[in-house]
Amino acid sequence: MPDRSREPLILVVDDQEEWREDLIPKHLGRLGARILKASSIQEAMSIAAKHDENSEDSLDLIVLDMRLPQDASSIIAEDGGIGFLRNYRLARCPMVVFTAYPTFANCVAAVKSGAEAYIPKIGTAEGEGGMDALVAKVREILFTPKPKVAELPPRSSWLDSNYGWLSTELAGR
């Protein structure tokens with residue numbers, strides 16, 4: 001969850017200008033988020049490096065298209081958004097894949113590569129996908145408190161107090 005003392009910072013990575021410059025920022029901006037934009041994997045990596053988890057203005061979320069050019073050449077990279085996911089996932093920043101080319105294989109690859117969600121850009125007749133689904137998922141990721149993991153007492157005292165009888169029994173064998 002982002003630092004509540006500042007507006008969340010989202011990187012939108014999409015080679016389609018209409019989605020990158022207008023549609024996605026307009027909807028996510030309503031959540032009070034600041035939006036950075038990249039049109040290629042190379043540009044996204046550069047922005048992500050400037051806003052890594054150690055910077056004062058770190059990214060809180062990345063919205064990523066599947067089919068992306070490696071650089072300004074507009075040639076689609078062989079692994080596109082999946083390559084970015086694999087290379088950047090160590091950065092503790094959640095990523096949502098938002099694609100116009102949804103396939104089961106791409107969904108599996110995206111989730112295995114670290115995506116929090118895989119959402120088709122165009123909604124289905126069942127109401128799945130589309131901009132509403134993206135906004136709902138982004139809201140959930142950024143503003144829903146994560147459950148706290150219960151802390152265990154130091155290992156030795158916890159084991160002794162709960163399973164001390166077992167160590168005594170094993171020592172006697």
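pLDDT is the predictor's confidence in each residue, on a scale from 0 to 100. The chain of this predicted model averages a pLDDT of 78, and 66% of the residues score at least 70. Its five-stranded open sheet has the order β2-β1-β3-β4-β5, with parallel pairing. As this is a predicted model, local features need pLDDT of at least 70 and side-chain atom pairs count only at pLDDT 80 or more, while totals for chains, interfaces and linings use all residues. Residues are numbered from 1 along each chain as its sequence is written, and side-chain values use heavy atoms, with hydrogens and water left out.

**Confidence**

- Confidence is highest in strand β2 (residues 34–38), at a mean of 94, and lowest in helix α6 (residues 155–171), at 59; helices (H or I, at least four residues) and strands (E, at least two) are DSSP runs, numbered from the N terminus.
- Where pLDDT is low, the predicted coordinates should not be read in detail.

- β1 and β2 run parallel and are joined by five bridges; the bridge partner of Val-12 in β2 is Lys-37.
- β4 and β5 also run parallel, joined by four bridges, and Thr-99 has Pro-120 as its bridge partner in β5.
- Five of the five residues of β1 are buried, so this strand is largely enclosed by the rest of the structure; buried means under 20% relative accessible area, exposed over 50% and partly exposed in between (1.4 Å probe, protein chains only).
- Leu-9, Leu-11 and Val-13 lie on one side of β1, with Ile-10 and Val-12 on the other, and both faces are covered.

- Leaving aside neighbours within four places in sequence, Ile-24 is in contact (heavy atoms within 4.5 Å) with Val-12, Asp-14, Trp-19, Phe-98, Met-131 and Leu-134.
- The structure holds one aromatic pair, formed by Trp-19 and Phe-98: it is edge-to-face, with 5.7 Å centre to centre and 80 degrees between the planes.
- Rings of Phe, Tyr and Trp (its six-membered ring) pair if their centres lie within 6.5 Å; planes under 30 degrees apart count as stacked, over 60 as edge-to-face and the rest as tilted.
- This pair links distant parts of the chain, with Trp-19 in α1 (residues 17–29) and Phe-98 in β4 (residues 95–99), 79 residues apart; both Trp-19 and Phe-98 are buried.

**Helix α2**

- Ile-41, Ala-44, Ile-47 and Ala-48 are the buried residues of α2 (residues 41–50).
- These residues cover an arc of only 125 degrees around the axis, which puts them on the same side of α2; the arc is that of the directions from the helix axis to the C-beta atoms.
- Ala-49 and Lys-50, on the other side of α2, are exposed.

Notes
Pairing = 2+ DSSP bridges.
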